[in-house]
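Me: I would like to go through a model feature by feature. Please give the general idea each time, then the case at hand.

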Amino acid sequence: MTRRAAVIMAAGQGTRMKSPVPKVLHKVGGRAILDRVIDTVQASGCEQIVVVVGDHSPGVRALVEARLGPAAVAVQDPPLGTAHAVLAAREALAGFDGDVLVLNGDCPLLEPHDLEPLFRLRAEGAAMAMLAFEPADPLLYGRVLRGADGHVLRIVEAREATEQELSVKVCNAGMMVADRARMFGWLSQVGNDNAKGEYYLTDIVKIAVAEEALVKAAIAPESAVIGADTALQLSQAESIFQQRRRAHFLSEGVQMPAPDTVHFSWDTEIATTATIEPFVVFAPGVRVEAQAVIRAFSHLEGAHVKAGALVGPYARLRPGAEIGEAAHIGNFVEVKKVKVGPGAKANHLSYLGDGTVGAGANLGAGTIFCNYDGFDKYETHVGAGAFVGSNSALVAPVTIGAGAYTGSGSVITRDVAPDALALERSQQVEKPGWAARFRAMKLAKKGEK
């Protein structure tokens with residue numbers, strides 16, 4: 001197979017997004033759009049990836065360097081158009097021998113199977129392969145003009161097109177593949193004699209055709225190549241992503257009575273036979289095992305829910321939460337960086353932060369792990385089979401031994417031995433008849449007024 005590389009254009013300023021966050025750093029499915037594009041390109045077999053960035057977006061450069069290393073960064077400065085952007089990657093790919101895929105960095109829904117037809121066309125003899133689509137509203141897209149044989153003749157930008165050309169429904173999706181040497185050779189011939197005075201990447205098509213090079217187009221569904229230039233388009237991409245994930249999990253046997261209300265992230269893992277009730281949000285990093293039930297209005301992030309566990313309703317699992325087999329995390333319970341053992345229960349109104357809960361332990365309503373002193377975090381450990389009474393505050397670092405009890409309303413500041421009972425509360429004092437005398441006094445004063 002011919003070697004593959006990719007140039008991702010991510011130097012645009014994204015002014016239409018009207019946000020201080022660069023366009024490609026906005027998220028779909030909880031993952032930055034540029035990360036998603038890099039994922040797709042890597043899965044497509046591209047062994048070398050160069051991302052073209054602008055000096056105005058240090059955050060984009062930081063993402064690329066973190067993912068691919070400094071050598072994967074090419075800087076376009078100043079921005080003079082899409083052809084100029086791809087040329088910025090020429091030096092980084094100087095030693096590469098193979099096909100180069102060029103694509104935009106703002107296509108959050110693009111999948112590897114959407115790109116494979118381009119490489120297939122190249123293998124079948126096309127000098128250049130490009131991706132096209134037929135949008136519902138083609139108004140602003142460049143039109144792909146083809147001859148009677150179906151081969152591409154040129155691409156005309158919408159602002160440069162005649163009325164007849166604007167009637168063409170097939171539009172440019174912005175992805176092209178060609179041999180590296182020919183790609184950069186064509187790019188070096190692009191001029192800027194157009195309405196915007198920019199160097200258009202699309203002009204390489206007519207340059208290639210003038211050299212009698214064969215250019216072919218593959219048609220992709222609009223949902224695959226949709227961009228995210230505005231907040232509206234970003235929300236539309238998110239909606240399509242969610243629809244795809246819901247369909248995937250339903251096809252895998254996940255039970256969801258109201259799937260349209262469930263929100264997934266790009267890396268959510270849910271096993272067959274798990275049940276997800278309405279209005280559940282999965283932020284990144286969640287894994288749910290078989291026969292677990294996530295009840296309504298729960299929010300999970302960076303958490304692992306093991307087989308048969310019950311979470312919610314109205315529960316919050318934060319990063320590091322690990323809920324053991326058949327354990328129960330109930331309504332208005334928050335868990336952060338705590339391993340909850342098999343069969344353990346925290347059913348009501350509790351905060352568990354930093355520590356462990358042993359198998360079969362029971363945490364009463366209002367149990368609080370007091371894990372932070374304003375400077376450092378400390379751990380709380382509740383042993384297997386322990387019983388923590390309602391409204392108990394466990395002040396970390398502290399350990400409740402296996403089988404131990406704490407009395408309701410206690411503030412536990414020292415370790416409790418296994419099978420012991422720990423009580424921390426003031427002695428109850430009762431004054432007989434006090435309430436009656438109090439009421440009589442108050443009523444008498446009202447009568448005097």
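Me: Is glutamine 291 buried or exposed?

Reply: Buried means under 20% relative accessible area, exposed over 50%, and partly exposed in between (1.4 Å probe, protein chains only). Glutamine 291 has 57% relative accessibility, so it counts as exposed. This is a predicted model, in which local features need pLDDT of at least 70 and side-chain atom pairs count only at pLDDT 80 or more, while totals for chains, interfaces and linings use all residues. Residues are numbered from 1 along each chain as its sequence is written, and side-chain values use heavy atoms, with hydrogens and water left out.

Me: What is the phi of glutamine 291, and where is the residue found?

Reply: Most residues other than glycine have a negative phi. Glutamine 291 is not a glycine, yet its phi is positive, about 65°. The residue is in the loop between strand E15 (287–288) and strand E16 (293–294); helices (H or I, at least four residues) and strands (E, at least two) are DSSP runs, numbered from the N terminus. Aspartate 354 also has a positive phi, near 70°, but its place is in strand E23 (residues 345–357). Aspartate 354 is buried, at a relative accessible area of 6%.

Me: Which peptide bonds are cis?

Reply: Most peptide bonds are trans. A cis bond joins aspartate 77 and proline 78, with omega about 0°. Proline 78 lies in the loop between strand E5 (73–75) and helix H3 (82–87). Another cis bond runs from alanine 396 to proline 397, with omega near 0°, and proline 397 sits in the loop between strand E28 (393–395) and strand E29 (398–400).

Me: How many residues are in the largest nonpolar core?

Reply: A nonpolar core is a set of buried Ala, Val, Leu, Ile, Met, Phe, Trp, Tyr and Cys residues joined through side-chain atoms within 4.5 Å. The largest has 48 residues, and Leu34, Leu101 and Met175 have the most contacts inside it. Helix H1 (residues 33–43) gives the most to this core, five residues. A second, separate core of 46 residues includes Ala321, Ile329, Ala344 and Ile400.

Me: What does leucine 34 touch?

Reply: Contact means heavy atoms within 4.5 Å. Not counting residues up to four places away in sequence, leucine 34 touches Ile8, Ala10, Val24, Val51, Val60, Leu63, Val64 and Gly105.
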